[in-house]
Amino acid sequence: MSFIRVFILVFFFVSIENKAFSQDTISSETSKTTISEGSNKTNVFKQIKLEQLRNKKVVSLSIVLIIILFFLFYFVYQNNRLKQKIKRKDTKQKILLNVINAGIDSQETEQKKLLLFYMII
């Protein structure tokens, strides 16, 4: 669980860092646009590229998070299945042990009855 928390913190840190970075670049780019209108188109393209890069990072981090959660749930499911299998096996062993003990007890009581019967005769 702590691994997931760390991953989420990193995810938010990256997204916050990208916002701060994009805001700094946007403010520096706006000051440059006032100087020359010819570079306006290149600034818009740079801004679009930065936004696309940020979106790609967010999407890739989301995909990685989903994959990690999938594996986490898969391992939890497998662990629960294994626990149930072990519990059933223990129950079967206890039942088998009780049956064996009951058989031994019944044989001992039969032997005692026969011994008493032969002693009386």
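The model is a predicted one, so local features are taken up only at pLDDT of at least 70 and side-chain atom pairs only at pLDDT 80 or more, while totals for chains, interfaces and linings use all residues. Residues are numbered from 1 along each chain as its sequence is written, and side-chain values rest on heavy atoms, with hydrogens and water left out.

The protein chain has two helices and zero strands (DSSP runs numbered from the N terminus, with H or I over at least four residues for helices and E over at least two for strands). Its pLDDT, the predictor's confidence in each residue from 0 to 100, averages 79, and 69% of the residues score at least 70. Where pLDDT is low, the predicted coordinates should not be read in detail.

Of the 121 residues in the protein chain, 8% are buried (under 20% relative accessible area, with exposed over 50% and partly exposed in between, for a 1.4 Å probe and protein chains only).

Now for the rings. Three aromatic pairs turn up in the structure (Phe, Tyr or Trp rings, the six-membered one for Trp, with centres within 6.5 Å; planes under 30 degrees apart are stacked, over 60 edge-to-face, the rest tilted). F70 and F71 make an edge-to-face pair because their ring centres are 5.8 Å apart and their planes sit at 65 degrees. F70 counts as exposed, at 55% relative accessibility, and F71 as partly exposed, at 43%. Together with Y74 and F75, these two residues form one aromatic cluster.
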